[in-house]
Each structure stands twice: as structure tokens, then as C-alpha cells.
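Please keep the structure open while going through them.

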Amino acid sequence: MTDLADVSDLHEPHLLAPDRNLGMELVRATEAAAIQASAWVGRGQKEKADGAAVDAMRAFLGTVHFDGTVVIGEGEKDNAPMLYNGERVGDGQGPACDIAVDPVDGTSLTAAGRNNALSVIAVADRGSMFDPTAVFYMDKLVCGPEGVGVVDLERPIAENIRALAKAKGKEVADIVVAVLDRPRHARLIEEIRDAGASTRLLLDGDVAGGINAARDGSKVDLCVGVGGTPEGIITACAVKALGGVLQGRLAPKDDAEREKALAAGHDLDRVLQLDDLVRSDNTYFVATGVTNGELVRGVERTPRVIRTESIVLRSASGTVRRVVAEHRPEKW
């Protein structure tokens, strides 16, 4: 997906110059979106926060050297005048990509002034992202590399907890499982606690929850439960870079959505693996904190600077970069 630099001037002809890291261009768009959304933190107006972030993200995406098509965006064109599904973004040159955007993952968190709101972009080779339009929700299981070949979405949660604890060399009592705090998860939360593990209940933002479960050094070992299918695909782009596990199964919310999924050819009993959600092995995931969280810190404003913290993940190289930036307010 990225272009190789000219190698004609290298002293060693057998060495290739490093290729372009698209993620380092995309981070400018998530920084801009996070900064604009941060003006609405705690003000109870999630639509204002989202609108400001959308405007900023789209403006900066127009400068990125790629030919992007939004496959996961703000919705259909009639309801989303910018960053809608199918919109072309970038300068139209360079690699052809699928792009998933969430200018504010956690609009309710932002409006309430709570932790873990992010501005997010995920990118993969053109045509490689799973189409999430038939079913909005999916049952998900996410963990780090220790869970490869160890956990299975079709097994009871207690078995997965014990197997993962053994693989990580931990006691079951030390395993922390992230779950969205929703009525639909009441029984799941009870089973996790009955197994001897502890829970980290998420008010919103299961993208951050999934990535924290997959990354090294996190306090979260496992992220499970029913959440958005688009968020699952975005998370998959990050998990590919982290070498972790993400399994999912479509979870229609009613009979009408079930029929729609079956008509689209989906097998609702099938467990989708990481490569089913994103076929490409060349993915990027970029996120900037709007509010503070375990993954990244939120936007900080002082009279002299605006500070942002971002994370940039790339699957082709397996790199995890943290980008801390200081922006001059008068330049905005």
C-alpha cells in the first residue's frame, strides 16, 4: 500500500529505503479532530463535539497522500454531509485504501467529561475491510498475543479466563476483563466474577477497551461482549499490529436485521477471525486522546500550548509509536 522510496542513491544496492509511514500523516487528522472536540468536553452537547471533530478531520485528510474511500464513517451520504460511507478522501494520489473514521469514539464520554474518548482512523488496502452494514452489533473477544490458539469465542468465558491466565503465567484472580456496562451483559459480568476474575466496566468506547486488552503492559487482559461491528473492524486494524487475537460473531438486534444479514449471505453462526475482519496485512491504526484514558492522555490546554498524545500502530512493521505534540493556539 505504501510506496518505496527511490533507492538509486543508496550506497548498498541490495538495501531498500524505508517506505512511507502513512500513519505519521494520518495522525495530523486525529490531532486536529481531538483538539476541536476537546472544546466541548463536559458541556453536554455530543453533537457539537462530533461536528467539530468531523470538520477538522476531513480538512486534514484532504492533505494526506493517498486515495482513500470511507467504508466506515459517519453514516450514509443523506444523513452525513462529510465523512460519509463511500466518500473519497486524500489527495487522490498514492496508495488506494479503505479508511474507517470515528472522529470521536465516545461522544457521550466527551459530553459528560468522562475518560477514554478518542479520535480514531484505521486504514487498510482497498477492498480488504469487512462490510459492517448488514449487522450493527457483534459479539467480540480480544486479547494479546498470549491468547493465540488459546482462547475461543465459542468456549464459556470461565474456560477462556483460566486458559489465558495459564498462558500469561498469572493467577485467575489477577485477570482483568473489560466489558461494556450494558444490561445485556449482566449475565456475562456475573460469569466473569464467578470465575474468579475481576471486571473493568466500560461506560463507552470499546475500541480503547479492545486495544488495551491486546497491548503489552496494559492492566486489562481480555475484552469481551457485544459491541459495534464497525468498532470491531477498526479495532482489528490495531490488533493486527499488536499480534493479538480478535474474534467476532455477528449479533443481529432483531428479526429484521437477521433477515437482512442472511440475505447478504452472512453465516450468523460463524466465528469471524482477525483476517476475516481485515484481510490486509498492511494496516494502520491512529488515535489521539480527546479525554484522558489508559491508552492515551487527552487534550491539555495551557495559555501557551495545546498538548496532544497519540498512538500510531502499523501492522506491516509491527511498530507502536507514541506521538506527543505541542500546538501553538494562535496557529489554530
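1. Aromatic pairs. How many aromatic pairs are there by the rule used? The count is one aromatic pair. The ring centres of Phe136 and Tyr137 are 4.9 Å apart and the planes stand at 90°, so this pair is edge-to-face. The cut-off behind that label is an angle over 60 degrees. Keep in mind that this is a predicted model.

2. Are Phe136 and Tyr137 buried, exposed or partly exposed? Phe136 has a relative accessibility of 40%, so Phe136 counts as partly exposed. Tyr137, at 25%, also counts as partly exposed. Buried would require a value under 20%.

3. Charges over rings. In another place, Arg43 lies over the face of Trp40, 4.2 Å from the ring centre.

4. The two ends of helix 8. Helix 8 covers residues 255-263. At its start, a side-chain oxygen of Asp254 comes to within 3.3 Å of the backbone nitrogen of Ala256. After helix 8 comes Gly265, which has a positive phi, near 90°.

5. Cysteines. How many disulfides does the structure hold? The number is zero. The cut-off for a disulfide is 2.5 Å between the sulfur atoms. Cys97 counts as buried, because its relative accessibility is 0%. Cys143 is buried too, with a relative accessible area of 0%.

6. Rolling a probe the size of a water molecule over the atoms shows where empty space is left. The structure holds one cavity of 30 Å³ or more. The volume of the largest cavity is about 100 Å³. There are 14 residues lining the largest cavity, and the closest to its centre are Lys140, Asp206, Cys223, Val224 and Gly225.

7. What builds the lining. Which strand gives the most to the lining of the largest cavity? Strand 8 does, with five residues. At least two residues of this lining come from each of strand 5 (137-143), helix 6 (206-214), strand 8 (222-228) and helix 7 (229-242).

Terms used. Residues are numbered from 1 along each chain as its sequence is written. This is a predicted model: local features need pLDDT of at least 70, side-chain atom pairs count only at pLDDT 80 or more; totals for chains, interfaces and linings use all residues. Side-chain values use heavy atoms; hydrogens and water are left out. Rings of Phe, Tyr and Trp (its six-membered ring) pair if their centres lie within 6.5 Å; planes under 30 degrees apart count as stacked, over 60 as edge-to-face and the rest as tilted. Buried means under 20% relative accessible area, exposed over 50%, partly exposed in between (1.4 Å probe, protein chains only). A charge sits over a ring if NZ of Lys or CZ of Arg is within 6 Å of the ring centre and within 35 degrees of the ring normal. A polar contact is a pair of N or O atoms within 3.5 Å; within protein, one must be able to donate a hydrogen and the other to accept it, and residues adjacent in sequence count only if both atoms are side-chain atoms. Helices (H or I, at least four residues) and strands (E, at least two) are DSSP runs, numbered from the N terminus. On a 1 Å grid over the protein atoms alone, a cavity is a set of points where a 1.4 Å probe fits but cannot get out, and a pocket is an open set with protein on both sides within 12 Å along at least five of seven lines; lining residues have an atom within 4 Å of a point. Grid points are joined across faces, edges and corners, and a volume is the space filled by probe spheres set on the points.
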